[in-house]
Amino acid sequence: RPPARHRMSTSFYYDGTDMSGSTYGCYVERCPWEILPAPSINVQEAAQAFGGVSHFGGYGSRSLPFDAVVIGTSQSNCLTKLDAIKLKLDPANGDKTLKFDVFSDRYWYARLEAPISGDWMGINAMRLRLSFVAPDSRAYSTTDRALPDFTVSGTPQSMTVESGPTAVAGT
């Protein structure tokens with residue numbers, strides 16, 4: 001755990017890996033996110049009975065920037081953790097699940113979108129600026145869904161759908 005003066009509000013998970021664990025030692029410090037991503041409105045000329053145009057709307061990608069702190073037992077240990085973080089967050093690996101403790105009921109498919117930059121806070125700690133992009137701006141549920149019971153050939157059945165692409169309302 002970080003020292004009390006560096007205690008963070010949350011940790012994050014990338015591709016199912018707890019980034020605050022001993023390998024990475026990375027704790028979220030601040031999450032200045034947009035509440036809703038910028039809307040993407042497409043206008044397409046289409047013949048309508050009243051001679052108008054059709055509008056199609058949705059949301060563009062969601063930016064998920066945050067400040068984090070990496071804490072090691074020494075400067076060498078901190079540098080080792082930074083190297084491990086660079087490998088884990090490599091955007092060449094594609095979109096991966098990104099989840100935060102403060103939003104434990106949801107996750108995003110995201111990848112790193114900007115260089116990792118940082119400042120030393122002392123001999124064994126560095127503050128980082130991490131910025132992820134979720135091309136699909138919606139968050140997805142982390143919990144399974146139970147479907148209503150149904151009957152097949154007179155035999156009662158029930159089914160649970162694993163968590164997955166179920167968008168969380170309002171995200």
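How many residues does α1 have, and how far does α1 reach from its first C-alpha to its last? In this predicted model, α1 has 14 residues and spans 20 Å between those two atoms, close to the 20 Å expected at 1.5 Å a residue.

The next point is how α1 sits against the rest of the chain. Its buried residues are C78, K81, L82, I85 and K88. Seen down the axis of α1, these buried residues fall within an arc of 125 degrees, so they line one face of the helix. On the other side of α1, the residues S76, K86 and L87 are exposed. The buried residues of α1 pack against β1, β2 (17-18), β3, β6, β9 (117-120) and β10.

In soluble globular proteins, nonpolar side chains tend to be buried together. Here the largest nonpolar core holds 25 residues, and F12, L130 and F132 touch the most other members. Helix α1 (75-88) is among the elements that give two or more residues to this core, and the others are the strands β1 (12-14), β3 (26-30), β6 (62-71), β7 (96-100), β8 (106-112) and β10 (125-134). Strand β10 gives the largest share, 5 residues.

Leaving aside residues up to four places away in sequence, F12 touches T17, D18, M19, S20, C26, V28, F66, L98, K99, F100 and L130.

Charged side chains are the last topic. Side chains of opposite charge can pair when their charged atoms come close. The model has 7 salt bridges. One of them joins the side chains of R127 and E29, with 2.6 Å from N to O. This pair links distant parts of the chain, since R127 is in strand β10 and E29 is in strand β3, 98 residues apart. R127 counts as partly exposed because its relative accessible area is 33%, and E29, at 28%, is also partly exposed.

A second salt bridge joins D83 and K86, at 3.1 Å from N to O. Both residues lie in helix α1, 3 residues apart, about one turn of the helix. D83 is partly exposed, at 42% relative accessibility, whereas K86 is exposed.

R138 and D136 form another salt bridge, their closest N and O atoms being 3.0 Å apart. R138 has a relative accessible area of 41% and is partly exposed; D136, at 28%, is partly exposed as well.

Terms used: Residues are numbered from 1 along each chain as its sequence is written. This is a predicted model: local features need pLDDT of at least 70, side-chain atom pairs count only at pLDDT 80 or more; totals for chains, interfaces and linings use all residues. Side-chain values use heavy atoms; hydrogens and water are left out. A nonpolar core is a set of buried Ala, Val, Leu, Ile, Met, Phe, Trp, Tyr and Cys residues joined through side-chain atoms within 4.5 Å. Buried means under 20% relative accessible area, exposed over 50%, partly exposed in between (1.4 Å probe, protein chains only). Helices (H or I, at least four residues) and strands (E, at least two) are DSSP runs, numbered from the N terminus. Contact means heavy atoms within 4.5 Å. A salt bridge is a side-chain nitrogen of Lys or Arg within 4 Å of a carboxyl oxygen of Asp or Glu. The expected span of a helix is 1.5 Å times one less than its number of residues. The arc is that of the directions from the helix axis to the C-beta atoms.
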